[in-house]
Amino acid sequence: ELTIAFENQAEKLSYFLDLNENQQSQQFDEITIPKIKPIAILKSIFRKRSATPRQSLIVKNARAKVEFLSFVNSKASLDQLNNYSHCWLIFVFHENTNVSKKNNNFKAKIKPPRLGGQKVGIFATRTPHRPNPIGL
């Protein structure tokens, strides 16, 4: 059994936070994410990232469609979906610029266009440039 003496509560808290962070890092390094098989492709009228509006309401007639791959029985799978107001789609930002980077560095804060230069955390925005390419 290991006994550690601490000078004060702050030192004790700091020790356990560091220990927890190291344990988390080791656990995350060992996680294997299973391959995800796409079931559909979302096709938008916008062909370029730079031409896609930030807000969907800016272009009122903008539309997209979901095309299911041939192995998906889309008629049966979508039965009764019309009874709901929303359908959540989990997707891959296939043009995420961070995916190709070999290191794990990414900008934690960015300047969204409408905040006049104010930086905010990337998870407070809808930017596709994230540590992983998953979107909702």
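Which residue forms a salt bridge with glutamate 67, and how many Å apart are the closest N and O atoms? Lysine 65 is that partner, with its closest nitrogen and the closest oxygen of glutamate 67 lying 3.2 Å apart. The legends below describe close-up views of a predicted model.

**Figure 1. Overview of the predicted protein chain and its confidence.** The chain contains two helices and six strands, and its elements follow the order α-β-β-α-β-β-β-β from the N terminus. Of the 136 residues, 8% are buried. The accessible surface amounts to about 12700 Å², and carbon and sulfur atoms account for 55% of this area. Among contacts between residues at least 6 apart in sequence, 52% connect residues at least 24 apart. Mean pLDDT for the chain is 75, with 66% of the residues at 70 or more. Confidence is lowest in helix α1 (residues 9-30), where the mean is 58, and highest in β5, where it is 90.

**Figure 2. Salt-bridge network of Lys43, Lys65 and Glu67.** Two salt bridges are found in the whole structure. In one of them, the side chains of lysine 43 and glutamate 67 meet at an N to O distance of 3.3 Å. This pair links distant parts of the chain, since lysine 43 belongs to strand β1 (residues 40-44) and glutamate 67 to strand β2, 24 residues apart. Lysine 65 forms a salt bridge with glutamate 67 as well, at 3.2 Å between the closest N and O atoms. Lysine 43 is partly exposed because its relative accessible area is 38%. Glutamate 67 likewise counts as partly exposed, because its relative accessible area is 29%.

**Figure 3. Nonpolar surface patch around valine 66.** Leu42, Val66, Leu89 and Phe91 make up this patch, and together they present about 320 Å² of accessible area. Valine 66 is located in strand β2, which covers residues 64-68. Its relative accessibility is 35%, so valine 66 is classed as partly exposed.

**Figure 4. Isoleucine 122 and its surroundings.** Isoleucine 122 is situated in the loop between β5 and β6. Is isoleucine 122 buried or exposed? Isoleucine 122 is buried, because its relative accessible area is 1%, whereas a buried residue is one under 20%. Not counting residues up to four places away in sequence, isoleucine 122 touches Phe106, Lys107, Ala108, Lys109, Ile110, Thr127, His129, Arg130 and Pro131. Between isoleucine 122 and phenylalanine 106, which are 16 residues apart along the chain, the C-alpha separation is 9.6 Å.

**Figure 5. Threonine 125 in the loop between β5 and β6.** The side chain of threonine 125 reaches the backbone oxygen of isoleucine 122 at a distance of 2.8 Å. Threonine 125 is buried, because its relative accessible area is 13%. When neighbours within four places in sequence are left aside, threonine 125 is in contact with Ile110, Pro112, Val120 and Arg130.

**Figure 6. Phenylalanine 106 and histidine 129.** Phenylalanine 106 lies in the loop between β3 and β4 (109-110). Its relative accessibility is 34%, so phenylalanine 106 counts as partly exposed. Phenylalanine 106 and histidine 129 are 23 residues apart in sequence, and their C-alpha atoms are 8.3 Å apart in space. Both residues are among those touched by isoleucine 122.

**Figure 7. Backbone of glutamine 80.** Most residues other than glycine have a negative phi. Glutamine 80 is placed in the loop between α2 (74-77) and β3 (91-92). Glutamine 80 counts as partly exposed, because its relative accessibility is 45%.

Conventions. Residues are numbered from 1 along each chain as its sequence is written. This is a predicted model: local features need pLDDT of at least 70, side-chain atom pairs count only at pLDDT 80 or more; totals for chains, interfaces and linings use all residues. Side-chain values use heavy atoms; hydrogens and water are left out. Patches are made of residues with over 30% relative accessible area and no salt bridge: like charges are joined within 9 Å, nonpolar side chains (Val, Leu, Ile, Met, Phe, Trp, Tyr) within 5 Å. Accessible areas come from the Shrake-Rupley method with a 1.4 Å probe; for residues, only the protein chains shown count as cover. A salt bridge is a side-chain nitrogen of Lys or Arg within 4 Å of a carboxyl oxygen of Asp or Glu. Helices (H or I, at least four residues) and strands (E, at least two) are DSSP runs, numbered from the N terminus. Buried means under 20% relative accessible area, exposed over 50%, partly exposed in between (1.4 Å probe, protein chains only). Contact means heavy atoms within 4.5 Å. A polar contact is a pair of N or O atoms within 3.5 Å; within protein, one must be able to donate a hydrogen and the other to accept it, and residues adjacent in sequence count only if both atoms are side-chain atoms. pLDDT is the predictor's confidence in each residue, from 0 to 100.
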